Amino acid sequence: MNEEGIKARLELIKTKSYLDINDVMILTGYSPSTIRRRIDEGKLKALQNVPKGKLLFKKESVEKWLEKGAK
């Protein structure tokens with residue numbers, strides 16, 4: 001994704017209540033595997049009650065995780 005695409009996605013993220021893994025990648029700079037590890041470690045909570053196992057995150061949960069240092 002180019003810089004303009006990332007800026008547009010960041011603007012869209014501001015309006016969302018739920019984020020997908022791509023949104024979390026853009027916000028944190030982490031890879032999908034790192035994000036999934038943080039879920040497995042209990043450091044980040046994801047909702048998986050969606051078709052095909054797509055991960056969704058409450059935006060406020062991601063923001064709290066980032067405030068704690070996103071480790």
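**Surface, fold and one buried leucine**

The protein chain has an accessible surface of about 5,100 Å², and carbon and sulfur atoms account for 50% of that. The model is a predicted one.

Visitor: What secondary structure does the protein chain have?
Guide: Four helices and two strands. Along the sequence, the pattern reads α-β-α-α-β-α.

Visitor: And how compact is the protein chain?
Guide: As compact as a globular protein of that length, because its radius of gyration of 12 Å is close to the 11 Å from the globule rule for 71 residues. The C-alpha trace spans about 35 × 30 × 20 Å along the principal axes.

Visitor: How much of the chain is buried?
Guide: Buried residues are 25% of the 71.

Visitor: Where does Leu44 lie?
Guide: In the loop that runs between helix 3 (32–40) and strand 2 (56–58).

Visitor: Is Leu44 buried or exposed there?
Guide: Leu44 is buried, because its relative accessible area is 4%, and the cut-off for buried is under 20%.

Visitor: Which residues does Leu44 touch?
Guide: Leaving out residues up to four places away in sequence, Leu44 touches Ile35, Arg38, Ile39, Phe57, Ser61, Val62 and Trp65.

Visitor: What separates the C-alpha atoms of Leu44 and Ala70?
Guide: 8.5 Å, with the two residues 26 apart along the chain.

Visitor: Back to the chain: what share of contacts comes from residues 24 or more positions apart?
Guide: 42%, counting contacts with a separation of 6 or more.

Visitor: Changing topic, how far apart are the mean positions of the positive and negative charges?
Guide: They are 5 Å apart, for 16 positive and 10 negative charges.

How values were computed
Residues are numbered from 1 along each chain as its sequence is written. This is a predicted model: local features need pLDDT of at least 70, side-chain atom pairs count only at pLDDT 80 or more; totals for chains, interfaces and linings use all residues. Side-chain values use heavy atoms; hydrogens and water are left out. The radius of gyration is taken over C-alpha atoms; the globule rule is 2.2 Å times the number of residues to the power 0.38. Buried means under 20% relative accessible area, exposed over 50%, partly exposed in between (1.4 Å probe, protein chains only). Contact means heavy atoms within 4.5 Å. Accessible areas come from the Shrake-Rupley method with a 1.4 Å probe; for residues, only the protein chains shown count as cover. Lys and Arg count as positive and Asp and Glu as negative; His and the chain ends are not counted. The place of a charge is taken as NZ of Lys, CZ of Arg, CG of Asp or CD of Glu.
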